[in-house]
Amino acid sequence: MKHHWWQKTVVYQIYPRSFMDANGDGIGDLQGIISKLDYLSELGIGVIWLSPVYQSPMDDNGYDISDYRAIAGIFGTMDDMDMLISEARQRGIKIVMDLVVNHTSDEHAWFVEARQSKDNQYRDYYIWRDEPNELESIFSGSAWTRDEQTGQYYLHLFSRRQPDLNWENPKVHQEVFAMMNDWIDKGIGGFRMDVIDMIGKEIDRGITANGPKLHEYLHEMNRATFGDKDLLTVGETWGATPEIAELYSAPEREELSMVFQFEHITSTYPEHGEKWEAGALSVPKLKEIFEKWQGLKKGWNSLFWNNHDLPRVVSNWGNDGVYRVRSAKAFAILLHLMKGTPYIYQGEEIGMTNFPFQTVDQLNDVESLNMRNARLAKGVSEEKIMAFIRKVGRDNARTPMQWSNESQAGFTTGNPWLSVNENYHDVNVKAALADESSIFYTYKKLIALRKMNPWVVDGEFKLIATADNVFAYVRKYESKSYLVVVNLSDEENEFASGFVPRQVVIQNVERKLDDLRITLKPWEAFAVEVD
């Protein structure tokens with residue numbers, strides 16, 4: 001496979017409203033991000049994936065776009081955006097924009113026009129029916145809302161304020177591709193494509209994802225926009241299997257660089273249930289899933305634990321109490337030494353944790369609020385609902401970035417849009433930078449290892465048989481082999497192998513590795529060159 005710059009770099013996701021507030025209004029903004037570029041440069045990342053900053057009424061925190069060519073006033077101006085692109089470029093950092101083209105806001109000019117009459121020129125930009133079918137919104141309830149003006153129902157697979165675009169209309173393609181090219185001309189480094197597997201939907205057949213025309217549309221998008229420019233393009237594809245992922249990312253197909261697959265995330269969900277009933281992590285199942293995905297033959301993996309839609313991994317699967325630092329490092333070492341492009345979500349590099357939500361007035365997320373209303377109507381107790389939200393609610397990832405132990409964690413001089421986690425006195429960037437043994441420096445070292453060592457990028461992957469809660473694998477490159485061993489539990493575990501250790505690459509527990517017959521401490525992780 002031809003090498004690309006995005007195979008040796010690490011991506012850092014910024015959720016703008018929670019990253020850094022420069023003007024004191026309680027909401028993060030573009031100037032706030034610019035003020036922290038030196039911090040990100042110190043960490044060593046090469047790409048910022050920027051969650052949406054486009055003009056939006058913010059029903060779904062910017063994933064409901066009303067103008068793709070304008071910046072939301074709460075975040076700044078297009079001049080601020082141009083400055084961010086330029087200042088990041090000076091530090092060797094590219095900006096990847098979040099592309100949300102499965103749906104728009106109901107305030108987008110296209111939809112405002114479309115609902116005027118059944119024969120409006122924009123009517124066919126969206127999906128209308130005289131009667132709704134049984135499709136349900138991912139945000140709870142029917143996926144159809146009746147438009148009183150015309151008497152028809154429009155489709156929204158998410159909030160009723162996020163009407164789905166009709167990708168069967170070639171005019172939609174032309175509009176989207178022209179907008180993408182405008183952003184490419186500004187000098188961005190690529191696109192993260194929100195729920196991109198839904199644009200090929202066939203509603204009357206009940207197909208919402210991986211529709212028969214999906215890859216035709218993506219190939220057309222590639223040819224019309226980014227295909228000859230070596231940009232990073234990553235699709236959010238919740239239902240992808242390795243076979244489907246290769247359809248997206250095999251180079252000869254001319255579609256995307258890679259996709260986000262979520263099989264490891266959904267491995268804790270009940271078989272036919274929702275994420276709200278997610279159970280405990282099964283390490284054997286996790287090993288099986290990663291072994292399968294590391295075997296991708298014709299494409300490229302994305303590697304991640306966290307994003308703006310997911311709970312914090314250190315709380316969800318790790319131990320955010322006594323072993324917070326060690327378990328956060330363990331997850332980092334396990335993931336970053338695999339084959340693929342790693343993604344860090346803001347705050348992951350300092351071990352930020354889930355928020356102890358107690359009451360509904362602490363919540364902002366439309367998905368959580370809709371779920372609460374639906375469950376209350378079915379007689380589920382408030383206590384049980386809040387337990388669901390504390391475990392997997394999206395607001396866990398969206399609490400403000402913890403920069404220091406000053407007021408509001410140094411995020412804002414005003415009142416933050418979402419409460420700051422009270423553990424900011426101990427868990428913050430200032431403290432992490434001052435402590436050479438902090439989680440931050442483990443991430444910094446892992447990022448540098450990927451840049452400098454071809455075995456991390458290109459080495460073969462082989463899973464090693466171990467105790468259930470020990471995840472161990474070998475990366476082999478040319479004549480050298482590297483063993484990675486991680487204990488994903490609060491218990492000690494025995495580990496033995498026939499390998500002879502040569503040189504320690506990284507570890508989260510200080511010990512001499514003269515012999516590879518050892519009792520692993522809780523959450524112990526290391527990588528070592530072996531014979």
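**Group meeting: salt bridges, a central strand and the voids**

At 55% relative accessibility, arginine 502 counts as exposed. Exposed means over 50% relative accessible area, buried means under 20%, and partly exposed lies in between, with a 1.4 Å probe and protein chains only. Before going on, the ground rules. This is a predicted model, where local features need pLDDT of at least 70, side-chain atom pairs count only at pLDDT 80 or more, and totals for chains, interfaces and linings use all residues. Residues are numbered from 1 along each chain as its sequence is written, and side-chain values use heavy atoms, with hydrogens and water left out.

Back to arginine 502. Its side chain meets that of aspartate 531 in a salt bridge, at 3.6 Å, N to O. The term means a side-chain nitrogen of Lys or Arg within 4 Å of a carboxyl oxygen of Asp or Glu. Arginine 502 sits in strand S18 (residues 501-507) and aspartate 531 in the segment after strand S20 (525-530), so the pair ties together parts 29 residues apart in sequence. Aspartate 531 is exposed too, at 53%. A word on labels: helices (H or I, at least four residues) and strands (E, at least two) are DSSP runs, numbered from the N terminus.

How many salt bridges does a search of the whole structure find? The count is 33. Take aspartate 38 and arginine 91, whose side chains meet at 2.7 Å, N to O. This pair links distant parts of the chain, 53 residues apart. Aspartate 38 is in helix H2 (residues 37-43), and arginine 91 is in the loop between helix H3 (78-90) and strand S5 (94-99). Aspartate 38 is exposed at 52%. Arginine 91 is partly exposed at 26%.

Next, glutamate 202 and arginine 205. Their salt bridge is 2.7 Å, N to O. Glutamate 202 is buried at 16%, whereas arginine 205 is exposed at 59%.

There is also a network. Salt bridges link Asp60, Lys275, Asp309, Asp365, Glu367, Arg394 and Arg398.

Now strand S13, residues 341-345. Five of its five residues are buried. In a regular strand, side chains alternate between the two faces of the sheet. Here both faces are covered: Thr341, Tyr343 and Tyr345 lie on one side, Pro342 and Ile344 on the other. Which strands pair with S13? Strand S1 (residues 11-14) does, in the parallel sense, over three bridges. Glutamine 13 stands opposite tyrosine 345 there. Strand S12 (residues 302-303) also pairs in the parallel sense, over two bridges. Serine 302 has threonine 341 as its bridge partner in S13. Pairing requires that DSSP finds at least two bridges between the strands.

On to the voids. The grid is 1 Å, over the protein atoms alone. A cavity is a set of points where a 1.4 Å probe fits but cannot get out; a pocket is an open set with protein on both sides within 12 Å along at least five of seven lines; lining residues have an atom within 4 Å of a point. Points join across faces, edges and corners, and a volume is the space filled by probe spheres set on the points.

The largest pocket holds about 1100 Å³. It has 37 lining residues, and Ile138, Phe139, Phe158, Trp238 and Glu367 are the closest to its centre. So much for Glu367: the network residue is also here. Helix H12 (residues 366-377) gives the largest share of this lining, four residues. By class, the lining has 14 nonpolar, ten polar and 13 charged residues. Nonpolar covers Ala, Val, Leu, Ile, Met, Phe, Trp, Tyr, Cys and Pro; charged covers Asp, Glu, Lys and Arg; the others, Gly among them, are polar.

The second largest pocket comes to about 400 Å³. Its 20 lining residues include His4, Asn222, Gly227, Pro251 and Glu254, which lie nearest its centre.

Cavities: there are five of 30 Å³ or more. Of its 13 lining residues, Ile265, Leu310, Pro311, Asn316 and Trp317 are the closest to the centre. Nine of the lining residues are nonpolar, two polar and two charged.

The second largest cavity is about 70 Å³. Helices H10 (313-316) and H11 (324-336) each supply at least two of its lining residues. Tyr443 lines this cavity as well, and Tyr443 is among the buried residues of helix H15.
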